[in-house]
Amino acid sequence: MGAAMTAAALDTMVHGPLVYMPIFYAIRGFADRTQEPASILSAAYRDHTTNWVTDTQLGVAIFLPFQIANFTYNPRHLRVPALVAVGVLWIGGLSFFRGDRSKQLAYDAGHDEPRVVGGGVVC
């Protein structure tokens with residue numbers, strides 16, 4: 001169980017917030033194609049840092065228990081397919097709650113401070 005806890009904690013609390021989420025926000029920005037690359041990366045960084053706490057809390061709440069169970073009970077050959085299945089649900093939720101840049105861009109035009117919308121911070 002100790003190795004499962006370590007693997008789950010590293011994956012959930014290091015890989016998720018430090019690798020996966022910045023890439024998510026960058027790809028979301030490039031999919032928009034309405035700005036120059038430097039502006040897209042700047043906005044992705046801003047969105048990631050603004051949403052850091054709520055994104056990390058949600059990721060830990062979902063993935064930590066799942067990964068502990070995955071590393072503890074699943075045979076090695078089923079760990080990746082199980083993670084992919086949960087990952088599809090995760091990216092669907094992220095796209096639903098964080099994917100609509102038009103609402104964030106409209107808000108940005110008139111405000112400088114972040115606000116909470118639908119359980120997450122919109123900058």
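Helices here are DSSP runs of H or I with at least four residues, strands are runs of E with at least two, and both are numbered from the N terminus. With that in hand, the chain reads α-α-α-α-β-β from the N terminus on, giving four helices and two strands.

A word on the ground rules: the model is predicted, so local features need pLDDT of at least 70 and side-chain atom pairs pLDDT 80 or more, while totals for chains, interfaces and linings use all residues. Residues are numbered from 1 along each chain as its sequence is written, and side-chain values use heavy atoms, leaving out hydrogens and water.

Let's look at a helix pair. Two packed helices are described by the angle between their axes and the distance between the axes. For α2 (residues 37-73) and α3 (residues 76-98), the axes come within 11 Å and cross at roughly 160°, the axes being lines fitted to C-alpha atoms over the stretch in contact, with angles from 0 to 180 degrees between N-to-C directions. That makes α2 roughly antiparallel to α3, a label for angles over 145 degrees.

Now zoom in on Gln67, which is found in helix α2. Gln67 is buried, at a relative accessible area of 1%, where buried means under 20% with a 1.4 Å probe and protein chains only. Leaving aside neighbours within four places in sequence, Gln67 is in contact with Ala8, Asp11, Thr12 and Leu83.

Across the chain, buried residues make up 31% of the 123 residues.

Methods
Angles under 35 degrees count as roughly parallel, over 145 as roughly antiparallel, 65 to 115 as roughly perpendicular and the rest as oblique. Buried means under 20% relative accessible area, exposed over 50%, partly exposed in between (1.4 Å probe, protein chains only). Contact means heavy atoms within 4.5 Å.
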